[in-house]
2 protein chains.
Amino acid sequence: MQLIEIKELLLSHSKREGEQVVLVGSFKSIRSSGTIGFIAFSDSTALEPVQIVFKKENTPNFDEISKLPLSSMILVKGVLRNTPGKKQPFEIQASKIVVLKEADPSYPLQKKAHGSEFLRENAHLRVRTNKFYVIMKIRSELANAFFEFFKNNDFLYVHAPLITSNDSEGAGESFEVISPNDQNYFGKKASLTVSGQFAAEAYAQGFKRVFTFGPTFRAEKSHTSKHLSEFWMIEPEVSLMDLDKLTILIEQCVKHAIYYLFDYAKPELEWCNENLEPGLIDKLNNVINNDFPRVEYREVIEILKKAVAEGVEFEVKDIHFGMDLKSEHERYICEKVFKRPVFVINYPKDVKAFYMKLNDDNQTVAATDLLAPGIGEICGGSQREDSYNKLLTRCLELDIDPEFNNLQWYLDLRKYGYYRSAGFGLGFERLLMYVTGCDNIRDAIPFPRFHGQLDF
Amino acid sequence: MQLIEIKELLLSHSKREGEQVVLVGSFKSIRSSGTIGFIAFSDSTALEPVQIVFKKENTPNFDEISKLPLSSMILVKGVLRNTPGKKQPFEIQASKIVVLKEADPSYPLQKKAHGSEFLRENAHLRVRTNKFYVIMKIRSELANAFFEFFKNNDFLYVHAPLITSNDSEGAGESFEVISPNDQNYFGKKASLTVSGQFAAEAYAQGFKRVFTFGPTFRAEKSHTSKHLSEFWMIEPEVSLMDLDKLTILIEQCVKHAIYYLFDYAKPELEWCNENLEPGLIDKLNNVINNDFPRVEYREVIEILKKAVAEGVEFEVKDIHFGMDLKSEHERYICEKVFKRPVFVINYPKDVKAFYMKLNDDNQTVAATDLLAPGIGEICGGSQREDSYNKLLTRCLELDIDPEFNNLQWYLDLRKYGYYRSAGFGLGFERLLMYVTGCDNIRDAIPFPRFHGQLDF
């Protein structure tokens, strides 16, 4: 008899009433009265377990089964019975249970609920809990969403190098890479990249539309719920694109991701809505059903000044042109003023990176951040400075030596056909937190790395 | 008037005879007689350039255009004329050409052909050549092929960590990662991963079918055409799977990738067939149109012994059980004996990694390599040792201390429901070389990293 998966039975159980089936999987919990037992059984192909009913009268190894440690692997042969009206749509009435592998009783994830910290200490096992099954399933579908979007829109997938001799932000806390057997392996100082953007810009000059999707690194010591030492970024880049078109691209891209999750991870989103963030589904619907307005940074400053005057209590109350917006300001703008995602555009040059295009006012750059209710900044991007001389000037103003930082090639792109280019960077885990309601970035990646942590 | 792309015109030119179009792009070459000029023009959306014809009589800036350096960016307004019978299906007769950005005359990629080494020194520009346009386009579609395959077959995409405290192969040449501001940033020695397999195994216990696709690293000093310090690996892992089913999965996966390229990168494959490897298309057809036989390692040894006896000249002539097959042996088996891709199975345990499942003969492990004509090994995989005690014994035999190597969690997986698991690793650049005919792995990745090289 062929093995069948729970995923398949969930699609076809109504046509299988009374059918003999064989399943292999582990059990998540078990209770037994002495003559009849119930196993919550999972073969990892679906979120909810299936109930296996087994009776002493026809299960010779009834006592062995009743005492098996959780996570033991069993083969179950039995009859499918639909159970209309119950939470689970069907159960299996077992005629035979074979123990394939008895688990060690030390299995840490016993039936009781476990704290996030305990689960992080068991990151090799936590994917077997509902919470991590759901988050990691959505993570995978979120990646698929972007691949579909970029494929449909003719973007080339580019793998930016991870080991690099330059540093996209001009400063920053980078990890160094060394070969223990050869201190001069690369012939120069090697770091782990903080961004794939520069490689993407080079490739956008050859392919027009490109994107990177890969890991990036920060050696910062933050112990917050929003920072990791290693995280994944998506960085699309399009030549000939200006800031205005860039905001359209970002809006399409973010909306597509959410539509895709509604198509391919609806049960998981509903689980999150119920267990992680009440109102999550409404929040996501609010994103896809609204146009995202564009608002000038200067206008944001006026709005915030007015808010302070009207008594809104910000921690940072000194609102002025040139300031970097804090999360509280960003959230006020999108949550209280616009009540939907909003693009802030044209930031002061001094709060943004050196490669952004200087506007004609000589004060602002063609940059945008997308702010969304419930989180603040989702992603940011810019039109790039396309003038070699202006870019060089900006480097020198900021004490970035192109030769020393191995950035001459990046500046040189401007010499050869670089008319316009724009792109954005999206922190994959941050977006995953937003769409799941997961409140700690350490739970949004399989094996988190941060200051003081390198298990697994 | 709306801007249009060459990609779009290639699909619709026959219906656009005489239509006014506006294009923006750069020119790859230009020739001019003094009264009429011809520009090979590209907007990066197609491989082949389009010819722009412009005449002195209606182009006031004719002389300026004629002298423009290559890679300058221009806007062209003109009329589309189909050119049946010519290599390019249409041309544009310009009525107006606007110089958007004049390139610097130092542009390194002038019209003459350039050597691979020169192009590597200009890796930020080489994507603008036909060869790299084609290879990188196929690279992107090859990635899409795998994402489609895994999506269709219910695999979860898992991001294995890059910074790690353990080393999949138990030894190996790993890069170390340090934080310049805090020598003890992670509290233990940190390395760049050589494989995502262990993370994949943990996740396969929670999701049944998973795959990783990410960068891996080797600090080796090889200066060959097949080695990089940083390269991308695909590592699928499936719980409950045995070696036999694994070979079926590999065969489906490799064939799907090639079918996908025929669907989405046919012109690029044909370019490779013409310019990089004559016979490439036939080679790939030979892969998808044949079943891949399975042959025991022991049988391979017998075949090779017989070949030596019959006078086949191998560099390594001492053929015996326990030897590691060299590339010459692998190629002989698939090219001369089977004349198609072939799985070799059940290798001696001492030539394979510690985590592979020991067979009942106590001599061999449930491992397989897929060998293909024209290259030798394409990928390798194994059923994993599922017995905690056997795995621990094997570690100790090989002097791998699980505690010291931070592998205890990996061994512990066997305690909790780990009945079976199998998976394989596929070097993405190696496969890309195989499907393009590209003969140097440094040309199969956007910015190659290897011993002594860290530009860009």
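**Figure 1. Salt bridges in the predicted model.** Over all chains, the count comes to 64 salt bridges. The structure shown is a predicted model. Side chains of opposite charge can pair when their charged atoms come close. One such pair lies within chain B, where the side chains of Glu270(B) and Lys266(B) form a salt bridge with an N to O distance of 3.9 Å. Glu270(B) and Lys266(B) are separated by about one helical turn because they sit four residues apart in helix α7 (residues 266-275) of chain B.

**Figure 2. Salt bridges and polar contacts between chain B and chain A.** Twelve salt bridges are counted between the two chains. In one of the salt bridges, the side chain of Lys208(B) meets that of Glu5(A) at 2.8 Å, N to O. The interface of chain B and chain A also has 50 residue pairs in polar contact, both residues being at pLDDT 80 or more. On the side of chain B that touches chain A, helix α4 (residues 130-152) of chain B gives the most, with ten residues. That side of chain B divides into 52 nonpolar, 24 polar and 28 charged residues.

**Figure 3. Extent of the contact between chain B and chain A.** Chain B contributes 104 residues to the contact, and chain A contributes 104 residues. About 8800 Å² is buried between chain B and chain A. Carbon and sulfur atoms account for 61% of this buried area.

**Figure 4. Surroundings of Lys352(A).** Lys352(A) is located in the loop that runs between β13 (342-348) and β14 (364-372) of chain A. Leaving out residues up to four places away in sequence, Lys352(A) touches Tyr347(A), Val365(A), Ala367(A) and Asp369(A). With Asp369(A), the side chain of Lys352(A) makes a polar contact of 3.2 Å. Asp324(A) is 28 residues from Lys352(A) along the chain, and the C-alpha atoms of Asp324(A) and Lys352(A) are separated by 8.9 Å.

**Figure 5. The second largest cavity.** Rolling a probe the size of a water molecule over the atoms shows where empty space is left. The structure holds five cavities of 30 Å³ or more. The second largest cavity contains about 100 Å³ of space. Its lining is made up of 14 residues, and those closest to the cavity centre are Pro161(B), Thr164(B), Asn166(B), Ser195(B) and Ala199(B). Helix α5 (residues 197-207) of chain B gives the most to the lining of this cavity, with three residues. By class, the lining has seven nonpolar, six polar and one charged residues.

Terms used:
Residues are numbered from 1 along each chain as its sequence is written. Chains are lettered from A and ligands numbered from 1 in the order in which they are written. This is a predicted model: local features need pLDDT of at least 70, side-chain atom pairs count only at pLDDT 80 or more; totals for chains, interfaces and linings use all residues. Side-chain values use heavy atoms; hydrogens and water are left out. On a 1 Å grid over the protein atoms alone, a cavity is a set of points where a 1.4 Å probe fits but cannot get out, and a pocket is an open set with protein on both sides within 12 Å along at least five of seven lines; lining residues have an atom within 4 Å of a point. Grid points are joined across faces, edges and corners, and a volume is the space filled by probe spheres set on the points. Helices (H or I, at least four residues) and strands (E, at least two) are DSSP runs, numbered from the N terminus. Ala, Val, Leu, Ile, Met, Phe, Trp, Tyr, Cys and Pro count as nonpolar, Asp, Glu, Lys and Arg as charged, and the others, Gly among them, as polar. Contact means heavy atoms within 4.5 Å. Buried area is the accessible area (1.4 Å probe) that two parts lose on being put together, summed over both. A salt bridge is a side-chain nitrogen of Lys or Arg within 4 Å of a carboxyl oxygen of Asp or Glu. A polar contact is a pair of N or O atoms within 3.5 Å; within protein, one must be able to donate a hydrogen and the other to accept it, and residues adjacent in sequence count only if both atoms are side-chain atoms.
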